[in-house]
Amino acid sequence: MRPSTSASALLRPPTCPSTSASALLHPPTCPSRLPQLRSFVGFRWSAPRFQVRERAGAVVGVVNGTTGCSLRLGVPALTVCRPHQRAAVIRNEHAQNADLPRKYSKREKKPFPIPVLELRRRAKERMKAAQGKPKRPLPPPKNGMLVHRLIPVAYKVYNARILLINNLRKLMKVVPVKGCKYCSEIHVGSVGHPFRTCRGMMSDQRRGEHDWGSTLVEAVFLPVEAYHLEDRLGKRIPHEQRFAVPRIPALVELCIQAGVDLPEYPTKRRRKPIIKIGRNEFVDADEDDLPEAEPDRFKQTLLEELHFDEIIAPSTPEETAALAEETLEAWETVRDGALKLMKGYAVRVCGYCPEVHVGPTGHKARNCGAFKHQQRNGQHGWQAAVLDDLIPPRYVWHMPESGEELQRELKTFYGQAPAVVEMCIQGGAKVPEKYKGTMRLDIGIPSSLKEAEMVI
């Protein structure tokens, strides 16, 4: 039977002629906030590193000095604390194989980008921090002024959107895109995919198979529309005026509110901040004492959409690849720029339907037809929008590099990518790093169904 010895005596390093006790690592100490461990690991102390081993109910420490000088120690697990294990972890922003964004049911409300409890906690912290301090003036754009640093971004996004639409029309002449005649699904390729996912009219008679035909650029780059506001701080659009207010692409409306001037869509530009007279009431400041407005130094030349007669398809593979690279760059510019604008200017989306409104508060038009809209009298459930609400990516199946047609039995091995990205890749552009996870490029596709059944 082992004689009773204290834990401190057991953990004392042995005396060796060639190794001093100071050269060995000391046992770790336990912070008081960590819970006691039921079973712990043992340490093997040595000069360069320590090694851990697990043993039920006890800690086993092996202290190594020079060759042939070691001691095996054992103490109860409750007397020693687990050390902080630090490991070098290589993190990658883009997963190797990532799942697609979740598709929510029509009976399910979209989740808030930031949970409601977190919003309440932040509001309480702001109120507590502002207690006893003078009230700060409203920052732009809440005070009616423009955010000057975002004006060049708005012009850049507007021109990139026009360039993207023009390039997609040119690219669709050499990269075929098919669309189903009964549903909204599209496929980038000369032949549509064989998957039975159609939910359109008479889909039960066709057993879910698609009836493929030609399509337009609006099916690839979805046009999300919103009401145009002449005054973004004005009164909300009532239900009676829902047909009197023009509707334009939501991305264009965001650029207009951020500083882009379009003669056909006038908007109010203030030169002085508003004066708040109530919680929801304000008056405009007197601007008569100001000199005449100088020419806008941020104004840039705006591009225009090409007519169908002006669209010329690329004639060589080199021109096609260059056009695909330019289109992919415009796509990334639109998304990155729109995300910057959304951080400065509020964009709302209905939690039940795809309706988008660019402004601090949503409109009052009762045109929501989503699940249980009768209980809300057709009113929208406004919440903060995300980038995919403003610019839907529209995922399509990725064609393998071998050029083989998709097979119905090998559906789980194929990846997906946004339709614009898939068109550019088939046109000769380089695959962006951020889309490799959903495209599943590192997954080998079986050559037959028998080989696919052997995959674990």
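Which residues make a nonpolar surface patch of about 250 Å²?

**View 1. The nonpolar surface patch and the predicted model as a whole.** The patch is made by Ile-275, Ile-277 and Val-283; patches consist of residues with over 30% relative accessible area and no salt bridge, like charges being joined within 9 Å and nonpolar side chains (Val, Leu, Ile, Met, Phe, Trp, Tyr) within 5 Å. Ile-275 is found in strand S10 (residues 275–276) and is partly exposed, with a relative accessible area of 43%; buried means under 20% relative accessible area, exposed over 50%, and partly exposed in between, with a 1.4 Å probe and protein chains only. This is a predicted model, in which local features need pLDDT of at least 70 and side-chain atom pairs count only at pLDDT 80 or more, while totals for chains, interfaces and linings use all residues. Residues are numbered from 1 along each chain as its sequence is written, and side-chain values use heavy atoms, with hydrogens and water left out. The secondary structure comes to nine helices and 16 strands, where helices (H or I, at least four residues) and strands (E, at least two) are DSSP runs numbered from the N terminus. Buried residues make up 38% of the 456 residues.

**View 2. Strand S12 with its two pairing partners.** Strand S12 (residues 347–350) pairs in the antiparallel sense over three bridges with strand S13 (residues 356–358), and S12 also pairs in the antiparallel sense over three bridges with strand S14 (residues 382–384); two strands pair if DSSP finds at least two bridges between them. Val-349 has Val-356 as its bridge partner in S13 and Gln-383 as its bridge partner in S14. S12 and S13 form a hairpin, with five residues between them.

**View 3. Surroundings of His-187.** His-187 has its place in strand S6 (residues 186–188) and is buried, with a relative accessible area of 1%. Neighbours within four places in sequence being left aside, the residues in contact with His-187 include Pro-176, Trp-212, Trp-397, Met-399 and Leu-406, where contact means heavy atoms within 4.5 Å.

**View 4. Surroundings of Leu-100.** Leu-100 lies in the loop between strand S4 (70–76) and helix H2 (116–129), and Leu-100 is partly exposed at a relative accessible area of 32%. Apart from neighbours within four places in sequence, Leu-100 is in contact with Tyr-395, Gln-416 and Thr-438. The C-alpha atoms of Leu-100 and Tyr-395 are separated by 8.4 Å, although these residues are 295 residues apart along the chain.

**View 5. Salt bridges between separate elements.** The structure holds 18 salt bridges, a salt bridge being a side-chain nitrogen of Lys or Arg within 4 Å of a carboxyl oxygen of Asp or Glu. Arg-270 forms a salt bridge with Asp-231, the closest N and O atoms being 2.9 Å apart. Arg-270 lies in the loop between helix H4 (250–258) and S10, and Asp-231 in the loop between S8 and S9, so the pair ties together parts that are 39 residues apart in sequence. Arg-270 counts as buried at 9% relative accessibility, whereas Asp-231 is partly exposed with a relative accessible area of 22%. In another salt bridge, Glu-332 and Lys-434 have their closest N and O atoms 3.2 Å apart. This pair links distant parts of the chain, with Glu-332 in helix H5 (residues 317–344) and Lys-434 in the loop between helix H7 (419–427) and helix H8 (436–439), 102 residues apart.

Terms used:
Areas by Shrake-Rupley, 256 points an atom, 1.4 Å probe, with all protein chains shown as cover.
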